[in-house]
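Good morning, colleagues. Please bring the model up on the screen, and I shall go through a few of its local features in turn.

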Amino acid sequence: MGTALITGATAGIGREFAWQLAEAHHDLILVARDTLRLEGLAEELRQIAGVGVEVLPADLSTAEGRERVAQRLRPPGEPWADGSAAHPSDSAARTSGRHPARPVDLLVNNAGFGLGQDFVGGDIEQERRALAVMVTAVMELTHAAVPGMVARGRGAILNVSSMTALTAMGTYAAHKAWVRTFTEGLAGELAGTGVSATVLCPGLTRTEFHERADMATADWSGVVWLEADDVARAALTAVRRGQVICTPSLRYMSVNALLRVAPRWLVRRVTSPRASHRR
């Protein structure tokens with residue numbers, strides 16, 4: 001048993017992480033923008049799984065939202081960004097981001113979204129939001145969580161990347177490539193500390209992701225799709241084993257191997273946004 005903090009917890013793979021960790025008797029801290037969805041999921045988890053659940057509404061595309069979550073991840077007694085002290089017994093802990101007694105043992109950096117646009121001619125504010133959520137938040141929240149884990153001699157970081165990290169599919173792929181490389185480097189730095197770092201690189205997974213990004217998927221073969229519960233289960237198994245890279249399913253492991261050995265000019269020709277438009 002321990003305490004896990006999950007970003008992007010109300011839908012898709014993040015929701016599956018919450019349920020599977022609750023079934024394993026972990027207490028949870030759920031992070032997302034939508035307070036109503038957070039509260040609804042938290043109550044279901046409390047009633048059905050019988051675990052402790054905190055809700056922490058935060059918009060990770062903003063510095064304020066990221067700092068709010070980082071405050072919850074830092075070791076108790078460490079000052080807030082404004083210099084004030086966090087107090088473990090604060091009665092507003094559930095909504096303020098101040099520290100309850102239990103530290104976070106597992107940080108799941110899952111939040112992300114499809115941009116739904118090309119970079120050229122696209123909205124630069126949308127690009128900034130994506131960079132903040134999928135890169136800056138991963139860096140800042142990991143930086144807040146790791147010192148306490150190392151001091152306790154135990155803990156784990158699980159970062160969600162994507163198979164696109166090895167492609168040339170625009171800025172989303174670039175963000176996920178950063179997450180993958182960052183996690184591999186972190187794993188090396190944490191060796192021998194009792195703290196692990198795992199990066200999840202799923203392929204196409206049935207979630208709200210594609211619908212929210214207004215991506216047409218009707219013509220995609222059913223064989224390419226993974227189920228969110230299977231992806232979450234594979235990732236949590238990898239964390240328990242201390243595995244650094246997790247690519248769920250044999251078919252995507254094969255795709256991963258092909259992308260690694262293929263000439264980059266061929267990868268660009270097949271996977272770039274322009275190639276996708278041609279198809």
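Predicted model: local features only at pLDDT ≥ 70, side-chain atom pairs only at ≥ 80, totals over all residues.

Where does T193 lie? T193 is placed in the loop between α6 and β6, the latter spanning 195–200. Leaving aside residues up to four places away in sequence, T193 touches V150, G153 and R154. For V150, the two residues are 43 apart along the chain, yet the C-alpha atoms of T193 and V150 are separated by 6.0 Å.

I turn next to the aromatic residues. How many aromatic pairs does the structure hold? It holds one. The partners are W178 and F182, with ring centres 4.7 Å apart and planes at 10°, so the pair is stacked; the cut-off for that label is an angle under 30 degrees. Both residues belong to helix α6, residues 170–190, and because they are four residues apart there, about one helical turn separates them.

The next item is the second largest pocket. Its volume is about 260 Å³. Fifteen residues line this pocket, and H26, D105, L106, A156 and V239 lie nearest its centre. Which elements give two or more residues to the lining? They are β1 (3–7), β5 (155–160) and α8 (228–241). Of these, α8 gives the most, with three residues. Sorted by class, the lining of this pocket has seven nonpolar, five polar and three charged residues.

Lastly, I would draw attention to a backbone feature at H25. Although H25 is not a glycine, this residue has a positive phi of about 70°. H25 sits in the loop between α1, residues 12–23, and β2, residues 27–32. As for solvent, H25 has a relative accessibility of 46% and therefore counts as partly exposed, since the class of exposed residues begins over 50%.

That concludes the presentation, and I welcome discussion.

Technical notes. Residues numbered from 1 in each chain as written. Heavy atoms only, no water. Phe/Tyr/Trp six-rings, centres within 6.5 Å; stacked < 30°, edge-to-face > 60°. Contact = heavy atoms within 4.5 Å. 1 Å grid on protein atoms, 1.4 Å probe; cavity = no way out; pocket = protein on both sides within 12 Å on 5 of 7 lines; lining within 4 Å. Points joined across faces, edges and corners; volume = space filled by probe spheres on them. Nonpolar A, V, L, I, M, F, W, Y, C, P; charged D, E, K, R; others polar. Buried < 20%, exposed > 50% of the residue type's maximum accessible area, 1.4 Å probe, protein only.
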